[in-house]
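User: I would like to learn how to read the features of a structure, one at a time. Please give the general idea before each case.

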Amino acid sequence: MKIYNTLSNQKEEFVPVQEGKVGIYVCGPTVYNYIHIGNARPMIVFDTVRRYFEYKGYEVNYVSNFTDVDDKIIKKAIEEGVDASAVSEKFIEECRKDMRDLNVKEATHNPKATEEIDGMIEMIQELIARGFAYEKNGTVYFRTRKFEQYGQLSNKKLDDMVAGIRIAVSEEKDDAMDFVLWKPKKEGEPSWTSPWGEGRPGWHIECSVMSRKYIGDTIDIHAGGEDLIFPHHENEIAQSEACSGKQFARYWMHNGFLNIDNKKMSKSAGNFFTVREIGEKYPLQVIRFFMLSAHYRSPLNFSDTLVEAAKNGLERILTAVDKLKELIPVAKEGAMTDADLAHMEEAKALVAKYEASMEDDFNTADAIAAVFELVKLANITAEEGTAEYVRYLYDTIVKLCDVLGIVTEREEELLDADVEALIAERQEARKAKNFARADEIRDSLAARGILLEDTRAGVKWRRA
Ligand code: AMP
Ligand code: ZN
């Protein structure tokens, strides 16, 4: 399997740290608003990477954080007159809902920055002890020049970078390139007690701490959008490697931007659509399919025309799967005919093409092209085929779509009576203290947009 590694600027053969296992760390969102569909791109892309590793039999440890303490969260909290945690908790839940709707699998670990402060303080202490960090009046800085390999990911030279930097008068750092690990509390901001006084961490340290804690000193794949290469990922490397003395991440993967009119979609520029808004216009799996129709490293322009094209393409696949499903019970039984066997060979060659595309730096665009060829083969050959052959086609297309996170089973609308029956079953399960089943029912209803509320008058439900 080949992966384009930003560190070496070339495709490299993937070799895991531990045979059969892969540890992936993806920088997650800062939770002060609903996520936009640009933020959804890394979620969809790296979830697909994860799914492909699982398809190949790897055990995947997928870690993605929530940055829940940050200037923008604090600003929003002040504007709304609430605690910063009220803002972040709300948008973590909203983000989780969007991710479920985009069929992004639950991460193995979803750490929140505010729950990992102790680890951050420990790592900063380690960096100070090793001479890589120093404190000035309650602020701790990383001593960038001491880390000689600084700039290796972004291909920058320290002295070139310094030229472009203006230091604020309030900053008392030793060198313009030094960056903040810990900053002192300002009035009205959330803070934690540390050896350097009350304060809060800088942004970069959380990912170094969480990736070490949940994966290890050396992780297989570190990923995020390409805007994170500098300074965020460069700083993560410096912090982590200065502590462990080992390589931090073997492969660095960065997705290109989702653009509107060829400009990066971003909250600050105001040219964004939230996943929630787009979800009202299109089924979100159309958006997922649209994102995967391009290579993850290419810029992708968002337009209704392209999304409509993705919608039609997806519909062609879903219709073919529906038809195969209907054919299975009525197709002729018995051994596969010579024609079936020949067609099956063609199908297997297309599966090989799909896999070769995915193994060429996750070229989902070509992998999808292979699925379309399979659909075409199915449309031509299934009608005449035996049940065994039709089932093979059905299982194969469903499986390859599943790796892309595309659900081929059309969801039947839950009727009120079905919901009532599931609620009754949940009540029975609770009475029998089978809480696992009760929670399962609640979650599966939530995933289908039915929210339950336990009130004194009994269980009430509504569509989300
Ligand atoms: P943020 O909340 O801004 O830190 O972004 C969360 C993730 O979304 C990061 O991996 C960003 O690189 C990524 N991201 C933000 N905007 C875009 C965009 N327009 N296209 C692709 N990825 C993006
Ligand atoms: Zn990060």
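**Reading the model feature by feature**

Analyst: Start with a residue and the element that holds it: Pro231 is placed in helix 7, residues 229-244. The model is predicted.

User: What is the peptide bond from Phe230 to Pro231, cis or trans?

Analyst: To read a peptide bond, look at omega. From Phe230 to Pro231 the bond is cis, with omega near 0°. Pro231 belongs to helix 7.

User: Is Asn262 buried or exposed, and why?

Analyst: The call rests on relative accessible area, and exposed means over 50%. Asn262 is exposed because its relative accessible area is 62%.

User: Where is Phe362 placed, and what is its phi?

Analyst: Phe362 lies in the loop between helix 11 (338-358) and helix 12 (364-381). Its phi is positive, about 55°, although Phe362 is not a glycine.

User: Is Phe362 buried or exposed?

Analyst: Here the cut-off for buried is under 20% relative accessible area. Phe362 has a relative accessible area of 2%, so Phe362 is buried.

User: Let us turn to sheets. How do strands of a sheet pair?

Analyst: In general, the strands of a sheet pair through backbone hydrogen bonds, and the pairing is either parallel or antiparallel. In this model, one open sheet has four strands in the order 4-3-9-10, with parallel pairing. Strand 4 (59-64) and strand 10 (249-255) are at its edges; each has a single partner strand, so one side of each is left without a neighbour in the sheet. From one strand to the next, the twist averages 20°.

User: How many bridges join strand 3 to strand 9, and which residue is the bridge partner of Tyr25?

Analyst: Strand 3 (residues 21-26) and strand 9 run parallel and are joined by three bridges. Tyr25 has His222 in strand 9 as its bridge partner.

User: Which sheet has antiparallel pairing, and in what order are its strands?

Analyst: An open sheet of four strands has antiparallel pairing and the order 5-6-7-8. Its edge strands, strand 5 (133-136) and strand 8, each pair on one side only. Neighbouring strands in this sheet are turned by 20° against each other on average, direction ignored.

User: How many bridges join strand 5 to strand 6, strand 6 to strand 7, and strand 7 to strand 8?

Analyst: Take the pairs in sheet order.
- Strand 5 and strand 6 run antiparallel, joined by four bridges; Ala133 has Phe142 in strand 6 as its bridge partner.
- Strand 6 (residues 139-142) and strand 7 (residues 179-184) run antiparallel, joined by three bridges; Tyr141 is partnered by Val180 in strand 7.
- Strand 7 and strand 8 (residues 199-201) run antiparallel, joined by three bridges; Trp182 stands opposite Pro201 in strand 8.

User: What joins strand 14 to strand 15?

Analyst: To read such a connection, look at the pairing and then at the link. Strand 14 (residues 450-455) and strand 15 (residues 458-463) pair in the antiparallel sense over six bridges. Asp454 is opposite Val459 in strand 15. A hairpin joins the two strands through two residues.

User: Last, the ligand. How many residues surround ligand 1, and which are the closest?

Analyst: Begin with the shell, then take the individual contacts. Ligand 1 is surrounded by 17 residues, the closest being Thr30, Gly225, Asp227, Leu258 and Met265. By class, the shell has seven nonpolar, eight polar and two charged residues.

User: Which atoms lie 2.8 Å, 3.1 Å and 3.3 Å from a nitrogen atom of ligand 1?

Analyst: At 2.8 Å from a ligand 1 nitrogen atom is a backbone N or O atom of Met265. A polar backbone atom of Gly38 is 3.1 Å from a nitrogen atom of ligand 1. For Asn255, an N or O atom of the side chain is 3.3 Å from a nitrogen atom of the ligand. Of the 490 Å² of accessible area that ligand 1 has on its own, the protein covers 90%.

User: Which elements give two or more residues to the shell around ligand 1?

Analyst: Those elements are helix 1 (37-55) and strand 9 (219-225). Helix 1 gives the most, with three residues.

Definitions and conventions
Residues numbered from 1 in each chain as written. Chains lettered and ligands numbered in written order. Predicted model: local features only at pLDDT ≥ 70, side-chain atom pairs only at ≥ 80, totals over all residues. Heavy atoms only, no water. Near = heavy atom within 4 Å. Polar contact = N/O pair within 3.5 Å; in protein donor to acceptor, adjacent residues only side chain to side chain. Areas by Shrake-Rupley, 256 points an atom, 1.4 Å probe, with all protein chains shown as cover. Nonpolar A, V, L, I, M, F, W, Y, C, P; charged D, E, K, R; others polar. Pairing = 2+ DSSP bridges. Axes fitted to C-alpha atoms, helices over the stretch in contact; angles between N-to-C directions. Buried < 20%, exposed > 50% of the residue type's maximum accessible area, 1.4 Å probe, protein only.
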